[in-house]
Amino acid sequence: MSLSAATRSETTKLLTTAMWWVLAIVLVAYIGFTAAGLGFVFSASAAGDLPGQSHQAGLPTGDAAPVLYSIAASIGYVFPLLIGTLMVTAEFRHHTLTPTFLATPRRGRVLWAKAFVGIGVGVVYAVLALIAAVGPSAGFLAGFGQDTGLDHSDTWAMLGRIVIAFALWVLVGIGVGTLVRNQVAAVVIVLAFTQFVEPIARVAGMFVDGLDSILRFLPAAASDALVGTSIYTATTRPTSSATPLDWWAGGVVLLAYAIVLIVLGHLTSWRRDVD
Amino acid sequence: MTFRQDREDDCPRDERFGMPEGQVLEFAGLSKRFGSVIAVDGLTARVEPGSVTGFLGPNGAGKTTTLRMLLGLVRPSSGQATIGGVPYAKLDNPLQTVGAVLEASSFHPGRTAAHHLKVLAQASGLPTARVDQALGTVGLADVAGRKVGGYSLGMRQRLGLACALLGDPGVLVLDEPVNGLDPEGITWMRGLLQELARQGRTVLMSSHLLSEVQQTVDRLLIISGGRLVFQGGIEDLVDPTEYATVVDAPDRAALTAALENAHVPYEVLRSGLTVRDPDVAAIGRVAADAGVALSLLQRRGPALEEVFFELVNGMRVHPSAAAPQAGVDAAAPAATEGVDAAAAAATTGSDAAAEAQAVAPPPEDAEPPAGDEEPASTEKPGGDEPAPEPAPAPAAEPEPEPAPAPAAEAEPEPAPGTASFAVAATGVIDIIPSAEPEPDAESAPAAEPEPDAKPEPEAEPEAESTEPSADRNEVIAGEPEELPPDDWRHEEKTQADLDADAFFHSFDGSETSEAESPEAATSDAEPAADAPAEPATEPEGEAQTDAEPDAASDDEKAADAASHPEDDAHDGGDRQ
């Protein structure tokens with residue numbers, strides 16, 4: 001059947017289990033809570049309302065809004081990555097690839113359909129994440145009399161780039177899921193890499209000269225580059241000479257991750273015998 | 001559960017969009033290798049529309065792999081499987097062309113049945129209205145909104161069928177579809193599949209139990225070890241010459257006279273007279289013409305389950321499967337030998353018998369061999385009663401045993417692996433009235449009247465080939481009154497059976513191969529097998545049924561052979 005039929009089917013498939021909304025709830029709660037907390041601290045700090053405040057840790061007040069808003073991506077990117085992974089590994093886990101491939105024997109088409117649906121759900125997650133991040137942050141900023149930045153086109157451009165980043169992250173997740181197959185292993189890999197490996201590497205990059213130039217090509221770093229702002233880069237001023245990638249370059253790097261993973265997965269795993 | 005038979009009424013057939021066309025399924029040199037294991041080996045077969053085709057084979061025979069290759073889920077190592085000449089992956093509308101029921105577990109437990117079908121419907125461009133129809137067809141409409149995780153195996157099986165029927169396909173491929181279904185569900189499934197086939201669709205269902213599909217399928221595809229061993233109608237499974245008519249009358253003398261007058265060759269068993277002619281009506285006419293009232297008139301043949309088992313184990317080769325015949329020939333003799341071994345005759349016996357047979361078409365000659373073959377040489381010599389009696393008891397016994405034993409035993413043994421066969425095996429034994437057969441089989445030499453009686457008759461017939469009937473009748477008089485129908489299968493084991501089993505299990509070590517082809521080898525009309533033993537002439541049914549009778553019947557056969565040498569020759573020719 002046609003690609004549109006396969007895409008419709010994949011959409012139904014995604015929306016008829018609890019996975020997507022459970023992840024969405026966690027996403028909103030996690031990002032909302034973080035944004036609220038940091039929003040309060042940043043706003044209060046910028047307004048000089050925090051007790052015992054000694055301005056040295058103060059953030060450039062002008063940057064507070066974008067940094068807070070970008071929490072959606074810099075912290076929340078694991079969610080689109082997870083949903084993308086689960087979209088594929090769930091099929092392996094529950095043996096639903098059998099009916100899937102019976103209905104759509106052209107397997108590449110199934111993968112394309114998943115990619116399209118993944119982009120869609122990435123956008124939806126991005127919107128949810130942005131609401132969760134921008135809402136509390138802007139509220140606190142406004143409450144403390146700070147600039148919310150919502151009247152700047154730059155801010156909206158960044159929000160748009162966050163949407164793109166989410167979509168790309170879902171694609172990366174699909175690639176990981178296709179390649180790894182085992183759901184538990186895939187989730188563990190995703191969490192370990194995003195929560196431990198890469199953050200630690202990026203911290204290490206702050207102390208090792210030259211490492212930055214390599215680390216900026218890590219997926220999360222590329223994602224931050226695409227978004228243009230990040231709680232990581234904002235709080236940990238890189239001392240090295242390496243400059244972050246341009247936003248478009250970051251996007252390209254992230255897209256390259258997605259494509260390479262998906263293609264590899266397709267070649268090595270997706271075409272295998274289904275049992 | 002809320003399954004109801006009446007659900008059948010809303011079958012998809014009512015809602016067909018266009019008449020679905022049954023397609024020919026074709027396997028051409030299909031092979032699949034998993035590492036060093038060859039799961040499917042050069043399978044070439046055809047499945048025609050308009051009938052239910054059973055795809056049989058023991059566990060691990062490659063059924064599922066074959067079906068998965070047909071459905072494009074597994075890539076063949078070589079060869080190809082096509083649907084109407086097209087590989088599955090190239091089908092324009094796969095779900096509307098082929099409906100498949102594979103494993104019952106391929107559902108996301110958190111998704112409802114209706115949603116699962118909706119996913120498939122959308123992928124195939126089917127209207128979502130089909131979802132409700134399909135669920136109604138399989139009786140799941142009431143639970144359509146429940147998550148599949150809460151479904152029983154039977155419900156999942158039905159849901160799988162709903163998936164298959166979703167596109168109202170012309171081809172249905174089902175892998176063990178009745179697993180997990182309750183008896184009611186099985187009956188329902190059978191009716192549904194037959195109806196679908198009747199509509200001209202192609203229905204291919206796999207199973208490892210012949211008995212499971214016997215009542216459903218019209219045609220069979222049997223594989224073993226990845227190779228095709230049989231292909232054809234279920235009626236082709238057994239050679240017509242393996243069938244015989246069992247006839248009996250209260251006035252047996254009159255009946256035998258009538259048969260003799262009509263020049264109908266017959267053999268005498270305790271259970272009646274056996275005529276090696278499947279034409280029941282003709283026999284009935286003979287009796288009617290002679291004014292003999294019959295008490296029994298029945299067509300008998302080997303149980304399909306046994307034939308299936310033999311095919312699967314290579315004891316029997318069917319021409320529909322292009323396989324070397326050599327294997328069978330070798331196997332069959334071995335089986336007979338096993339019997340002999342039991343009687344202490346050792347392998348040579350059968351060889352001798354075989355030779356004798358070959359050499360001696362004439363009745364008299366033929367007999368001796370028969371004698372040698374089973375009783376062990378001792379009995380023969382003393383063709384007269386006196387001799388037979390002393391020795392006969394022992395000698396006679398062995399005979400009965402061998403035949404029945406192998407039959408009874410053989411099956412149980414192989415059975416360990418597969419329960420199904422055990423059932424058949426027990427059935428075999430069971431038929432024999434416990435009192436008689438067992439004693440004989442076991443070895444009660446003289447104690448029992450029958451055994452004693454037998455030895456003599458047997459001896460006599462052999463010695464005096466010409467005057468069989470009278471004596472035999474007496475001997476045989478004690479036989480079971482009722483003969484099981486052709487398809488009888490499930491019977492209980494009696495204590496005697498168990499004893500017999502135990503006895504013969506002691507020979508297991510040496511018998512394994514033979515054990516498997518019990519009846520076929522020992523007494524059956526099997527193609528390859530009979531070379532050695534005349535059994536060919538004898539309908540398998542008897543052999544299976546009567547423990548002693550077999551032994552006796554062999555003698556009778558000899559006698560029979562004597563009177564109708566041409567039969568033997570004929571058989572020999574055919575079978576070889």
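In this predicted model, strand 10 (residues 244-248) of chain B is joined to strand 12 (residues 272-275) of chain B by three bridges, and the two strands run antiparallel. Within this pair, Thr245(B) stands opposite Val275(B) of strand 12 of chain B. Both strands belong to an open sheet of four strands in chain B, arranged in the order 11-12-10-13 with antiparallel pairing. At its edges are strand 11 (267-269) and strand 13 (296-300) of chain B, each of which pairs on one side only. From one strand to the next, the twist averages 25°.

**A second open sheet in chain B**

Chain B also holds an open sheet of three strands, in the order 2-1-4, and here too the pairing is antiparallel. Strand 2 (37-47) and strand 4 (78-83) of chain B are the edge strands, each with pairing on one side only. Neighbouring strands of this sheet are turned by 20° against each other on average, direction ignored. Strand 1 (residues 25-34) and strand 2 of chain B run antiparallel and are joined by seven bridges. Across this pairing, Glu26(B) stands opposite Arg46(B) in strand 2 of chain B. Helix 1 (residues 63-70) of chain B packs on the sheet and touches strand 1, strand 2 and strand 4 of chain B. The direction of helix 1 makes about 120° with that of strand 1 of chain B.

**Strand 3 of chain B and its partners**

Strands of a sheet pair through backbone hydrogen bonds, either parallel or antiparallel. Strand 3 of chain B provides parallel examples: five bridges join it to strand 7 (residues 202-207) of chain B, and four bridges pair it with strand 8 (residues 219-224) of chain B. Val52(B) has Val203(B) as its bridge partner in strand 7 of chain B, while Phe55(B) has Leu221(B) as its bridge partner in strand 8 of chain B.

The table below collects the strand pairings of chain B described in this report.

| Strands of chain B | Bridges | Sense |
|---|---|---|
| strand 10 and strand 12 | three bridges | antiparallel |
| strand 1 and strand 2 | seven bridges | antiparallel |
| strand 3 and strand 7 | five bridges | parallel |
| strand 3 and strand 8 | four bridges | parallel |

In a regular strand the side chains alternate between the two faces of the sheet. In strand 3 of chain B, Val52(B), Gly54(B) and Leu56(B) point one way, and Thr53(B) and Phe55(B) point the other way. Residues on both sides are buried. Because five of the five residues of strand 3 (residues 52-56) of chain B are buried, this strand is largely enclosed by the rest of the structure.

**Chain B as a whole**

Chain B contains 26 helices and 13 strands. Of its 576 residues, 61% count as buried. Among the contacts in chain B with a separation of 6 or more, 74% are between residues 24 or more positions apart.

**The contact between the chains**

Where chain B meets chain A, 29 residues of chain B are in contact with 24 residues of chain A. The elements that give two or more residues to this side of chain B are helix 2 (94-97) and helix 3 (113-123) of chain B. Helix 3 of chain B supplies the largest share, six residues. By class, the side of chain B that touches chain A has 16 nonpolar, nine polar and four charged residues.

**Helices and confidence in chain A**

Two packed helices are described by the angle between their axes and the distance between the axes. Helix 7 (residues 107-143) and helix 13 (residues 247-270) of chain A pack at an angle of about 145°, with their axes 11 Å apart. Their crossing is right-handed. Helix 7 of chain A contributes Arg107(A), Gly108(A) and Leu111(A) to the contact, and helix 13 of chain A contributes Ile262(A), His266(A) and Trp270(A). These residues divide into three nonpolar, two polar and one charged.

Ala36(A) lies in helix 2 (residues 19-46) of chain A. Why is Ala36(A) classed as partly exposed? Ala36(A) has 18 other C-beta atoms within 10 Å, whereas a buried residue has 20 or more and an exposed one 12 or fewer. Ala36(A) and Ala138(A) are 102 residues apart in sequence, and their C-alpha atoms are 9.1 Å apart in space.

The mean pLDDT of chain A is 88, and 91% of its residues reach 70 or more. In chain A, confidence is highest in helix 5 (residues 78-93), at a mean of 95, and lowest in helix 12 (residues 231-235), at 66. Where pLDDT is low, the predicted coordinates should not be read in detail.

Conventions: Residues numbered from 1 in each chain as written. Chains lettered and ligands numbered in written order. Predicted model: local features only at pLDDT ≥ 70, side-chain atom pairs only at ≥ 80, totals over all residues. pLDDT = per-residue confidence, 0-100. Pairing = 2+ DSSP bridges. Axes fitted to C-alpha atoms, helices over the stretch in contact; angles between N-to-C directions. Contact = placed C-beta atoms within 7 Å. Nonpolar A, V, L, I, M, F, W, Y, C, P; charged D, E, K, R; others polar. Left-handed = near helix turned anticlockwise from the far one by under 90°.
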